[in-house]
Amino acid sequence: MRRKLMLLVAAGLFLGATGAYAHLTGAFANFLVTVNDESTTERLKAEVAQTKKEIARLAPQIAKLEKSYVADQKVAVDKLQFYSEMGLDTWVSLLQQQQEPVDILGSQWLIERNLDAYMEELDKLYLAYKQLVATKETLEGHEKLLGMIEQNLQARGAFLADNPELPIEQLANYLDIDWMAEVEPALLAILAKDRALTEQQAATWASTQTGTASQPYRLDESWINERSELRYFFRSDHVYVVFQKPDLHVILIGQVLKDSSDAAALVFEAGFFNGFLMPETLIEELQGFRIPYAQLLQLPRVQAPFYLQQTSGGLIVRTGDSQN
């Protein structure tokens, strides 16, 4: 129903027109160059291809990690069962059988050495488990992002199929009306809300400790996704932000860059509205989240200089020379 109403409005705007649209201004005019230009979807298609490539690379890697982990886990469990069955009394009995102090000390050293080696094995097993979980989460993130990109491309096809043989000017005007009435006000409000959130709670966002001196904290995408009406996908090259309503689908593509000497911010470089490339004039109006450095300096083990590095599933606080 909304589509038909918008088309009637769009058609009405052209009554009495001279037929020359060269003087159109604003977002309406900017959309004209993207409606029938299939080359504007190349970036989205390239993202689909790259994401599928990453999925294909990660799948066998996960299988290999899982096989290794399961084998090491079985060895660890068998050893744990052995130590448990022997019990403390058995170890004490072995010590008591030794007559010479040097033999007692030797047996004690051997027992402690075996237990230390076992604890090291458990540490390695835990790290392998964490790597396996992280790789699985990365794969899951790629699969979800792939679905979002494909959905955006499908929206373009659905839009053109629903409005066959209409002049390009009417198609562009339809996009413009939907953008100004249904998307822009809501999107600007949500982005402003997310920006205020991260400016005030960046230290809370970075509360996940990584356990390494050079990368003491991680800002996981799940934190902001739980608090935002948008969906954020972090990858090492870009951050993808999805805004979605019935019949409306927006993907924004950007990077977390140094905003000033005091903060980093998500800066958008491209966007697609229902599969149509958004004009730069619209992208310039959108401001992503902002992370004040002062917030992060409140955290233990974070000292200047440091910088934020994009990675699959979030951001990492890295100590050292600033890179963004």
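Predicted model: local features only at pLDDT ≥ 70, side-chain atom pairs only at ≥ 80, totals over all residues.
Biologist: Where does Arg-156 sit?

Modeller: Arg-156 is in helix H4, residues 101-162; helices here are DSSP runs of H or I with at least four residues, strands are runs of E with at least two, and both are numbered from the N terminus. Residues are numbered from 1 along each chain as its sequence is written, and side-chain values use heavy atoms, with hydrogens and water left out.

Biologist: Why is Arg-156 called buried?

Modeller: Buried means under 20% relative accessible area, exposed means over 50%, and partly exposed is in between, with a 1.4 Å probe and protein chains only. Arg-156 comes out at 4%, so it counts as buried.

Biologist: What does the side chain of Arg-156 reach?

Modeller: The backbone oxygen of Gly-275, at 3.2 Å. A polar contact is a pair of N or O atoms within 3.5 Å; within protein, one must be able to donate a hydrogen and the other to accept it, and residues adjacent in sequence count only if both atoms are side-chain atoms.

Biologist: What makes Phe-159 and Tyr-174 a tilted pair?

Modeller: Rings of Phe, Tyr and Trp (its six-membered ring) pair if their centres lie within 6.5 Å; planes under 30 degrees apart are stacked, over 60 edge-to-face, and the rest tilted. Here the centres are 5.2 Å apart and the planes make 35°, hence tilted. Phe-159 is in H4 and Tyr-174 in helix H5, 15 residues apart, and both are buried.

Biologist: Which residues touch the most other members of the largest nonpolar core?

Modeller: Leu-187, Tyr-232 and Phe-289, in a core of 47 residues. Such a core is a set of buried Ala, Val, Leu, Ile, Met, Phe, Trp, Tyr and Cys residues joined through side-chain atoms within 4.5 Å. Helix H5 (residues 168-205) gives the largest share, 12 residues.

Biologist: Why does Arg-235 count as buried, and how do you know that it forms a salt bridge with Asp-237?

Modeller: Arg-235 has a relative accessible area of 6%, so it is buried; Asp-237, at 31%, is partly exposed. A salt bridge is a side-chain nitrogen of Lys or Arg within 4 Å of a carboxyl oxygen of Asp or Glu. For Arg-235 and Asp-237 the N to O value is 4.0 Å, and they meet in a salt bridge. Glu-54 and Arg-57 form another, with the closest N and O atoms 3.0 Å apart.
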